[in-house]
Amino acid sequence: MIKEFFRKLMGKKEPVELSYSRIQSYKKCPWLFKLVYMDGMRSSPNGSMSLGMSLHRALANYLGGDHQERSLDRLFQIYDEVWVNEGFANTQETLDSYDAGRRMLQNFFEIDRLKTSTVIATEKNFFLPLDGIKLMGSIDRIDKNPDGSFEIIEYKTQADNWSPQRMGSDLQLTLYEIGAEKGLALTPVHLRYFFLSNGTSCATTRSEEQKNGAMDLVFEISEKIRSKHFEPNYSYCERCEFARRCANYKPGGKR
Ligand code: SF4
């Protein structure tokens, strides 16, 4: 893996910018990737996105900087300051989402107070120049453990959607481990999810095989993007947020 990594490092091709979100977009539908990341089409704000942004901003501000006070009152105060009030269907949805966010922050507070590690970064960007690729990511939180190891923490709002199998294989943390090791020179790195909806915290791991598989996927998709392979995936049309604005919208299968 290490040898392969350096072999591919610092190539001369025109770089393709990739991240977990970009890869997910391409996997859903290559045409969708083109609309968003090459043509600049933006999705309309919705309540779920706004709540997610509010929670992530609140936690980053609460844990970041020099402010060491850890109290639920302060966390709620920051939540109010950074609340993103757009995309909700009506006032009731706004109020329900706001209350749900407060409950999630309370859950966060309860699991976070048990940790013995030190927060060293929040919303930490990594940037990995590979052969013709810029692999990027933003890690919710990085802690340093008392034994000197590091822990990448990813916040998730919906615990119900995360089976043990999904936790153990999700591409996002696989790429973040690679980014932390190769882009931020952090080692050894552990991985953990914080599920804000039910206040649980789960450690997970990735094997060398999984990391190699993730890098193979990164190179495969970057080659397709470079060769302008943007074939629509019609099987995704019915779930696509751009359906109304996409000239290729074709629900129900192939043309
Ligand atoms: S509407 Fe269909 S073809 Fe268009 S971007 Fe979405 S999934 Fe792709």
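The expected span of a helix is 1.5 Å times one less than its number of residues. Helices (H or I, at least four residues) and strands (E, at least two) are DSSP runs, numbered from the N terminus.

Two notes before going on. This is a predicted model: local features need pLDDT of at least 70, side-chain atom pairs count only at pLDDT 80 or more, and totals for chains, interfaces and linings use all residues. Residues are numbered from 1 along each chain as its sequence is written.

Stay with α4. A residue is buried if 20 or more other C-beta atoms lie within 10 Å of its own, exposed if 12 or fewer, and partly exposed in between, with C-beta atoms placed from the backbone. The buried residues of α4 are Ser-50, Leu-51, Ser-54, Leu-55, Ala-58, Leu-59, Ala-60, Tyr-62 and Leu-63. What covers them? The cover includes helices α5 and α6, together with strands β2 (118–130), β3 (133–144) and β4 (150–156). Contact here means that the C-beta atoms of two residues, placed from the backbone, lie within 7 Å. After α4 comes Gly-65, with a positive phi near 70°.

Now step back to the whole protein. It has nine helices and six strands. Its radius of gyration is 20 Å, close to the 18 Å that the globule rule gives for 255 residues, so the protein is as compact as a globular protein of that length. The radius is taken over C-alpha atoms, and the rule is 2.2 Å times the number of residues to the power 0.38. Along the principal axes, the C-alpha atoms fill a box of roughly 55 × 50 × 30 Å. Buried residues make up 29% of the 255 residues. Of the contacts with a separation of 6 or more, 69% join residues 24 or more positions apart.

Next, look at α6, residues 91–112. Its 22 residues reach 31 Å from first C-alpha to last, close to the expected 32 Å. Its buried residues are Gly-101, Met-104, Leu-105, Phe-108 and Asp-112. Why do these residues sit on the same side of α6? They cover an arc of only 105° around the axis, which puts them there. That arc is the one made by the directions from the helix axis to the C-beta atoms. The buried residues of α6 pack against α4 (47–63), α5 (72–82) and β5 (189–195). The face turned away from the buried side carries the exposed residues Gln-92, Leu-95, Asp-99 and Glu-110.

Helix α8 is mostly covered: 10 of its 13 residues are buried. Among them are Leu-173, Thr-174, Tyr-176 and Ile-178.

The loop between α8 (171–183) and β5 holds Pro-188. The peptide bond from Thr-187 to Pro-188 is cis, with omega near -5°. Ala-185 is found in the loop between α8 and β5 too. Its phi is near 60°, a positive value in a residue other than glycine. Is Ala-185 buried or exposed? Ala-185 is exposed, because it has 7 other C-beta atoms within 10 Å.

Lys-228 also has a positive phi, about 60°, although it is not a glycine. Lys-228 lies in the segment after α9. It counts as exposed, because it has 9 C-beta neighbours inside 10 Å.

Within helix α9 (residues 208–226) sits Gly-213. It counts as partly exposed, because it has 15 C-beta neighbours inside 10 Å. The C-alpha atoms of Gly-213 and Thr-174 are 39 residues apart along the chain and separated by 9.5 Å.

Glu-154 lies in strand β4. With 18 C-beta neighbours inside 10 Å, Glu-154 counts as partly exposed. Leaving aside residues up to four places away in sequence, Glu-154 touches Asp-140, Gln-172, Leu-173 and Tyr-193.

Which residues are the closest to it? Of the 15 residues that surround the ligand, the closest are Cys-29, Pro-232, Cys-237, Cys-240 and Cys-246. A residue counts as near if its C-beta atom, placed from the backbone, lies within 6 Å of the molecule or strand in question. The shell divides into 13 nonpolar residues, two polar and no charged. Ala, Val, Leu, Ile, Met, Phe, Trp, Tyr, Cys and Pro count as nonpolar, Asp, Glu, Lys and Arg as charged, and the others, Gly among them, as polar.
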